[in-house]
Amino acid sequence: MKDLLKKKGFICDMDGVIYHGNRLLPGVTEFLEWLKENHKEYLFLTNSGQYTPRELQQKLGRMGLDVDESHFYTSALATAHFLNSQAPGCSAYVMGEHGILNALYDAGITYNAVNPDYVVVGEPSGYSLDMITRAIRLVQNGAKLIGTNYDLTGPTETGIAPACRALLAPIELATGKQAYYMGKPNPLMMRTGLKLLGVHSEESVIIGDRMDTDIVAGIESGLDTVLVLSGVTSREEYLNFPYRPRLILDGVGDIPEAARHMDESA
């Protein structure tokens, strides 16, 4: 824990780490206050592409947290940046919410449901058979398949819900095509996250609730790794993976609490 407290940069997942749905998790307010009081650099790096950074800022604001818009980076932004770098001015058929739609529009990528260059799959609330069928036919006609993130499930206030990889699976199965996934643990997103954080990987830590995205992303990017049990992974489930986080905490509130105990014993 002493090594963790000395880190200069903190990359944090959001779902399952900061909140569940619209419910703030215990200890988050104290954790954010500790980051600010100790002049830590921090970035909320989320695989969710449903919301824009400003909407995420406002969501945390409604929960009582004051965080500048610059502290957010989403898989939607990573997807838009990637497509723009690969094929500037391309078009895409998009299955997703306004977070991904806005990011693509801002990058100059147009919506196209007839003959797009790409089919981009996020986590649409209106997910339907018609939407899947259209995507399958477009991919069969040559559109490249992109997933905004690699999450199979995600935590909500009422339990686990299917996420991007689960929603994309029928398209992959029907077409025989494998999607290219943005979001954690894609190194393109991690490199951008570290650049925005402005801290070298050796002096940074990633905090997340998922072994297959957050923790493996940290290991492969050279960051310290902290798994919190406030999201989708239990203490028993993490043993199923061939890699390990360096620390396992009940939640981010354990960090300021440990710092307080160390200050009292000093």
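Residues are numbered from 1 along each chain as its sequence is written, and side-chain values rest on heavy atoms, with hydrogens and water left out. Because the model is predicted, local features require pLDDT of at least 70 and side-chain atom pairs count only at pLDDT 80 or more, whereas totals for chains, interfaces and linings use all residues.

Secondary structure elements are DSSP runs numbered from the N terminus, with helices (H or I) of at least four residues and strands (E) of at least two. An open sheet of 6 strands is arranged in the order E5-E4-E1-E13-E14-E15, with parallel pairing; two strands are taken to pair if DSSP finds at least two bridges between them. Strands E5 (72-74) and E15 (247-249) stand at the edges, and each has a single partner strand, so one side of each lacks a neighbour in the sheet. On average, neighbouring strands of this sheet are turned by 25° against each other, direction ignored. Angles are given between N-to-C directions on a scale from 0 to 180 degrees, the axes being lines fitted to C-alpha atoms and, for helices, fitted over the stretch in contact. Within the sheet, the parallel strands E13 (residues 204-208) and E14 (residues 224-228) are joined by 4 bridges. Gly208 is placed opposite Leu227 in E14.

Helix H3 (residues 53-62) packs on the sheet, where it touches strand E4 (41-46) and E5, and its direction makes about 125° with that of E5; contact denotes heavy atoms within 4.5 Å. The buried residues of H3 are Pro53, Leu56, Lys59 and Leu60, where buried means under 20% relative accessible area, exposed over 50%, and partly exposed in between (1.4 Å probe, protein chains only). These residues lie on the same side of H3, because they cover an arc of only 115° around the axis, the arc being that of the directions from the helix axis to the C-beta atoms. They pack against strand E2 (19-20), E4, E5 and helix H4 (75-86). Just after H3, Gly64 adopts a positive phi of about 95°. Helix H9 (residues 211-221) lies across E13 and E14, and runs at about 160° to E14.

A disulfide is a covalent bond between the sulfur atoms of two cysteines. With the criterion of a pair of cysteine sulfur atoms within 2.5 Å, the count comes to 0 disulfides. Cys90 is in no disulfide, the nearest cysteine sulfur being that of Cys164 at 17 Å. For Cys164, the closest cysteine sulfur is likewise that of Cys90, and 17 Å is too far for a bond. Cys90 is buried at 3% relative accessibility, and Cys164 is buried at 0%.

Ser91 belongs to strand E6 (residues 91-95) and is buried, with a relative accessible area of 9%. The side chains of Ser91 and Asn112 are joined by a polar contact of 3.1 Å. A polar contact is a pair of N or O atoms within 3.5 Å; within protein, one must be able to donate a hydrogen and the other to accept it, and residues adjacent in sequence count only if both atoms are side-chain atoms. Beyond residues up to four places away in sequence, Ser91 touches Ile109, Thr110, Asn112, Asn115, Pro116, Asp117 and Tyr118.

Gly253 is located in the loop between E15 and helix H10 (254-265) and is buried at 17% relative accessibility. Apart from neighbours within four places in sequence, Gly253 is in contact with Pro26 and Gly27. Gly253 and Leu32 are separated by 221 residues in sequence and by 9.2 Å in space, C-alpha to C-alpha.
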